[in-house]
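Hi,

Here is the structure I promised to pass on. Have a look at it first, and then read my notes below.

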Amino acid sequence: MTRKRRRLVLIGSGLAVLAVAVALMLNAFRDSIVFFNSPSDVVEKHVPPGTRIRLGGLVKNGSVVSGSNLSVRFEVTDGKNGISVNYQGVLPDLFREGQGVVAEGALDPGGTFKADSILAKHDETYMPKEVADALKRSGHWKDDYGRQAGAASGGGGK
Amino acid sequence: MITAARPEQPPAEVVNEPRARHGAGRPPRQSETASEVQPMIAELGHYALMLALGLALIQGTMPIVGARTNDPVLMSIAAPTALAQFAFVAMAFTALAVCYVISDFSVLNVFENSNSQMPFIYRLTSIWGNHEGSMILWVSILTFFGALVAVFGNNLPAVLKANALAVQAWIAAAFHLFILMTSNPFVRIPQAPFEGQDLNPILQDPGLAFHPPLLYLGYVGFSIAFSFAIAALLEGRIDAAWARWVRPWVLGAWMCLTVGIAGGSYWAYYTLGWGGFWFWDPVENASLMPWLAGTALLHSAVVMEKRGALKIWTILLAILTFSLSLIGTFLVRSGVLTSVHTFANDPMRGVFILAILVVFIGGALALYGWRAPLLKQGGLFAPISREGALVFNNLFLTTACASVFIGTLYPLALEALTGAKISVGPPFFNATFGPLFIPLMVVMPFGPLMGWKRGDLLGAAQRLLAAAILAALTTAAAFAIEQGGPVLAPLGAGVAVFVMAGAVTDIAERTLVLRLPFRAALQRAIGLPRSAWGAAFAHFGIGVTLLGIVAATAWGSERIVEMKVGDNLDIAHYRLTFAGLFGRQGPNYHDLVGRFTVRRMNGDLIGVMEPSRRSFPSRNMTTTQAALMTRGVSQLYLSLGDPMQNGNVAVRLYFKPQVLLIWLGAAIMFAGGALSLSDRRLRVGAPQPAKTKAALRPAG
């Protein structure tokens with residue numbers, strides 16, 4: 001084989017691997033990207049039932065109801081709109097009423113959000129960035145969140 | 001000097017006084033000497049850091065001028081300044097360490113991240129459990145490596161050494177400046193509080209003692225390869241000897257990064273309470289990318305050293321590997337991500353690190369584009385050959401690295417450009433990284449069995465027949481035993497066994513253990529280069545890790561239930577009984593412990609597991625302390641949820657089969673690296689064979 005042909009083989013196989021990788025990535029992007037929504041986004045954008053999303057906001061005070069077999073029901077609000085969330089399992093250490101939360105799952109046809117994971121955050125003052133931004137947009141950001149978040153220079157969740 | 005100035009520990013009664021919060025009036029200090037001497041330490045550290053910056057600037061300019069004008073005196077400045085710079089940075093680090101150890105809360109950084117009631121080890125490790133301190137650790141390691149090059153680089157050509165140390169100094173100067181301007185850990189509080197705010201409880205773990213330093217040793221170790229690559233480009237020539245000088249550094253950095261990543265993974269596994277060991281979290285990805293690129297660099301440097309081929313590619317990989325380390329630092333330190341690893345959000349820092357990124361990566365790549373065509377290529381080889389296999393390795397490693405890169409940065413780019421918030425989760429990485437990594441694993445055993453230049457694929461395949469049969473049997477057995485698991489899992493286990501058996505085959509073929517009498521084979525085994533043993537170990541380790549990942553992910557089981565005292569819970573072939581809850585006081589926390597007895601199904605008692613909920617009053621924060629019970633290489637994993645009013649507890653119980661293999665594999669990889677590093681040919685400072693002199697002639 002000549003030097004040129006060898007180089008061609010190298011470059012050709014390199015391009016082939018890249019093409020496969022690009023195809024894999026595009027395919028994976030189509031299936032596995034999850035958009036973040038605030039309750040108002042869900043209402044305004046008419047997110048269709050069954051679409052996987054992340055729902056973020058504050059756990060409404062007084063809304064947490066524990067059912068049997070570790071099921072729990074609560075409302076996520078951004079002050080303007082609220083979405084009722086169902087979850088079964090152990091809640092993260094810092095899940096509290098009035099605190100920020102991010103739930104991942106999908107809406108059922110009845111408009112209830114069925115979460116299969118509640119994001120575990122690991123700091124009492126930590127507010128997920130998405131939630132903070134969503135609260136700022138809806139005008140429900142309180143300054144002490146910012147102060148708390150600023151003081152929480154210790155970090156967040158994994 | 002520093003130790004002489006260290007005052008006594010704060011008296012015990014001070015420690016036990018009620019906590020004074022920040023801003024509360026502070027009683028006069030107990031000891032006059034303390035108030036006089038103690039304030040010096042932080043300022044000394046600050047001053048030492050400034051001097052280090054000055055030295056870095058000298059080290060970054062004079063030797064390069066010397067290399068240009070061929071002035072040996074100017075070039076020889078590099079080594080002593082590198083040593084002095086390290087000495088001053090070490091002094092700054094020690095100063096900060098002293099402030100932490102004596103709990104000097106008049107230093108803001110100590111006040112925010114430490115507490116006099118914390119155990120000594122955590123007072124020490126909290127030095128780098130925060131942004132400023134971890135940057136000090138970063139530059140300490142950077143200048144440490146610079147000093148090592150200065151000490152052990154006597155056999156380097158003077159010009160290469162001068163240039164490489166100068167480039168190393170540029171990096172150091174940029175980070176000294178970053179610390180002094182945006183992240184000074186020595187800032188004082190005018191009214192010193194009496195007690196610190198405590199370290200984030202999540203970080204109060206022995207893992208903090210090992211994980212960050214090892215990770216940084218890896219990240220920063222790649223800076224040596226970067227500096228040598230830039231030096232070679234500045235000089236405009238490169239040869240096989242370059243690869244021999246760079247390889248030990250890359251190998252050392254790679255070893256540290258391997259165990260650093262594995263250690264972090266184990267830490268997350270036992271800390272986060274649900275038994276996951278890898279999350280495809282952007283911060284983890286930030287450490288995985290340099291590892292992938294560094295692994296590729298390690299292999300391409302072999303080709304360059306042995307055959308003089310792939311020079312330009314190796315230079316590019318050296319630049320990219322350290323660039324990815326810098327990007328990792330940027331992702332973690334700039335606050336664009338939110339995670340346990342991100343300590344503070346100060347936009348100024350983000351901009352500064354971004355500027356460092358642009359200057360160093362952009363500059364290096366521009367220099368590469370300009371100078372690389374001048375470097376002479378060499379070494380022909382057929383596609384089916386050892387070189388070909390290593391090119392295959394590089395191709396797949398870098399592509400896999402690119403897929404991680406895109407998955408990690410795409411959400412950031414999209415948010416910056418359109419404002420849309422998305423998350424790219426594990427499904428993306430599983431669907432891209434997996435298919436790219438598996439072919440690499442399948443081909444891996446073939447590589448070492450092929451000859452240089454032109455290999456014999458059929459011969460290699462024949463020699464791997466036993467390994468392939470073993471792999472097929474594993475797959476079949478896995479299918480038979482583990483019905484109902486994911487379909488791909490038995491195949492994954494088969495590939496893992498193929499990789500392990502392939503590594504054994506490699507050694508068996510080299511020692512001819514099956515064909516020669518045992519004594520002769522033993523002789524051959526002793527005579528085998530350590531680097532050959534190292535490669536076999538590292539490859540075997542990858543197989544072990546893969547097997548652990550497959551088994552723990554596919555064949556584990558979990559139970560999430562509410563239990564009352566006396567309840568039984570069955571998992572795999574174990575039965576847990578909830579015996580009750582009790583409280584326990586720790587040094588700076590309170591544990592609510594659940595006691596569970598573990599029995600075999602036939603009733604034999606194996607032991608007790610005591611997971612707890614640990615609350616830290618100083619931060620009003622609760623963490624989950626999972627209980628782990630090791631059975632062989634498998635583990636039972638139990639964590640508690642919040643106790644309910646009726647005294648019941650929610651528990652999460654996992655059975656993780658073969659999970660310890662994941663980290664055992666990393667340890668084997670580390671051992672492989674260490675074996676290879678001890679190879680005489682690679683030993684830093686080993687006398688060079690006479691012929692390298694000839695190889696040093698300009699190659700253009």
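Let me start with how chain B is divided: domain 1 covers 1-13 + 37-204, domain 2 covers 464-553 + 663-674, and domain 3 covers 557-656. These bounds come from an automatic or database domain assignment. Taken over C-alpha atoms, the centres of domain 1 and domain 2 of chain B are 43 Å apart.

Some housekeeping. This is a predicted model, in which local features need pLDDT of at least 70, side-chain atom pairs count only at pLDDT 80 or more, and totals for chains, interfaces and linings use all residues. Residues are numbered from 1 along each chain as its sequence is written, while chains are lettered from A and ligands numbered from 1 in the order in which they are written.

On confidence, the model scores ipTM 0.77 and pTM 0.87. Chain B has a mean pLDDT (the predictor's confidence in each residue, from 0 to 100) of 86, with 89% of its residues at 70 or more. Two stretches of chain B to treat separately: over residues 1-37 the pLDDT is below 50, with 43 contacts in the model beyond near neighbours in sequence. Residues 684-700 of chain B also have pLDDT below 50, and that stretch has 23 such contacts. A contact here means two residues whose C-beta atoms, placed from the backbone, lie within 7 Å.

Now the make-up of chain B. There are 24 helices and 11 strands in it, where helices (H or I, at least four residues) and strands (E, at least two) are DSSP runs, numbered from the N terminus. Among chain B contacts between residues at least 6 apart in sequence, 75% join residues at least 24 apart.

Chain A has 158 residues, 37% of them buried. Its 4 helices and 7 strands run α-β-α-β-β-β-β-β-β-α-α along the sequence. For contacts in chain A with a separation of 6 or more, residues 24 or more positions apart account for 56%.

One residue I looked at is B:Ile58, which lies in helix H3 (residues 32-69) of chain B. B:Ile58 counts as partly exposed because it has 17 other C-beta atoms within 10 Å. Leaving aside neighbours within four places in sequence, B:Ile58 is in contact with B:Ile77 and B:Thr81. The C-alpha atoms of B:Ile58 and B:Ile327, 269 residues apart along the chain, are separated by 26 Å.

Cheers

Technical notes
Buried ≥ 20, exposed ≤ 12 C-beta atoms within 10 Å, placed from the backbone.
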